[in-house]
Amino acid sequence: MPKLIIQAPNGGPAEIPLKSNANSIGRGAENDIDVESTSASRMHARIVVAPAFVTIEDLGSSNGTFVNGERVQSQVLADGDAIRIGTFEMRFATDTQTYTKVEAMRLPTVPGLLVDLDRGTSAARDKSPDRRGKL
């Protein structure tokens, strides 16, 4: 089960389990994960837990969403990734991941792969030539 590990107010680590589909993050109380940082937007980012991948998406925040120190618009998360929203830092953890960090970083470079996997179709099959040799 994917989760976020944060520093709890009492000083120890706390785990926040991520639900399937969308998990909103921001400083607004309406979010699934409420971050206490004045540099976080009210609706700052979203973590989407899909069957194949977990992704984080910036929702047009003023100060950006960072994964492992790099500002991202959308990023596939890998076990151990450090996430920063405003001054709030957390770590992504999962025990069900079957791909490495390097593979996760390559995924966005394969056109249509994430969309095709979410639809349950194979990108390779959809783009293979038909019997007449046409794409």
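Here is a run through the labels, one at a time.

User: What kind of model is this, and how confident is the predictor in the protein on average?

Analyst: This is a predicted model. The protein averages a pLDDT of 79, and 70% of the residues score at least 70. By element, strand β7 (residues 65-67) has the highest mean, 97, while helix α3 (residues 123-126) has the lowest, 40.

User: What elements does the protein have, and in what order do they run?

Analyst: There are 3 helices and 11 strands. From the N terminus on, the order is β-β-β-β-β-β-β-β-β-β-β-α-α-α.

User: What makes β2 and β8 edge strands?

Analyst: Start with the sheet: 6 strands, in the order β2-β1-β11-β10-β7-β8, with antiparallel pairing, and the sheet is open. β2 (13-17) and β8 each have a single partner strand, so one side of each is left without a neighbour in the sheet. Ignoring direction, neighbouring strands of this sheet are turned by 35 degrees against each other on average.

User: How do you know that β7 and β8 count as a pair?

Analyst: A pair needs at least two bridges. β7 and β8 are joined by 3 bridges, so they qualify, and they run antiparallel. As for who faces whom, F66 stands opposite R71 in β8.

User: What about Q73: exposed or buried?

Analyst: Exposed: a relative accessible area of 52% is over the 50% cut-off. Q73 is found in the loop between β8 and β9 (74-76).

User: Which residues is Q73 in contact with, leaving aside its neighbours within four places in sequence?

Analyst: I56, E57 and D58. With E57, 16 residues apart along the chain, the C-alpha atoms are separated by 5.7 Å.

User: What makes I47 and I83 stand out in the largest nonpolar core?

Analyst: Of its 20 residues, I47 and I83 touch the most other members. The elements that give two or more residues to this core are β1 (3-7), β5 (45-49), β6 (54-58), β10 (82-85) and β11 (88-93). Not counting residues up to four places away in sequence, I47 touches residues including L4, L18, I25, V54, L77 and I83, and N21 is also among them. In soluble globular proteins, nonpolar side chains tend to be buried together.

User: And for the protein overall, how much is buried, and how much of the surface belongs to carbon and sulfur?

Analyst: Buried residues make up 38% of the 135. The accessible surface comes to about 8,300 Å², with 52% belonging to carbon and sulfur atoms.

Key:
Residues are numbered from 1 along each chain as its sequence is written. This is a predicted model: local features need pLDDT of at least 70, side-chain atom pairs count only at pLDDT 80 or more; totals for chains, interfaces and linings use all residues. Side-chain values use heavy atoms; hydrogens and water are left out. pLDDT is the predictor's confidence in each residue, from 0 to 100. Helices (H or I, at least four residues) and strands (E, at least two) are DSSP runs, numbered from the N terminus. Buried means under 20% relative accessible area, exposed over 50%, partly exposed in between (1.4 Å probe, protein chains only). Accessible areas come from the Shrake-Rupley method with a 1.4 Å probe; for residues, only the protein chains shown count as cover. Axes are lines fitted to C-alpha atoms, for helices over the stretch in contact, and angles run from 0 to 180 degrees between N-to-C directions. Contact means heavy atoms within 4.5 Å. A nonpolar core is a set of buried Ala, Val, Leu, Ile, Met, Phe, Trp, Tyr and Cys residues joined through side-chain atoms within 4.5 Å.
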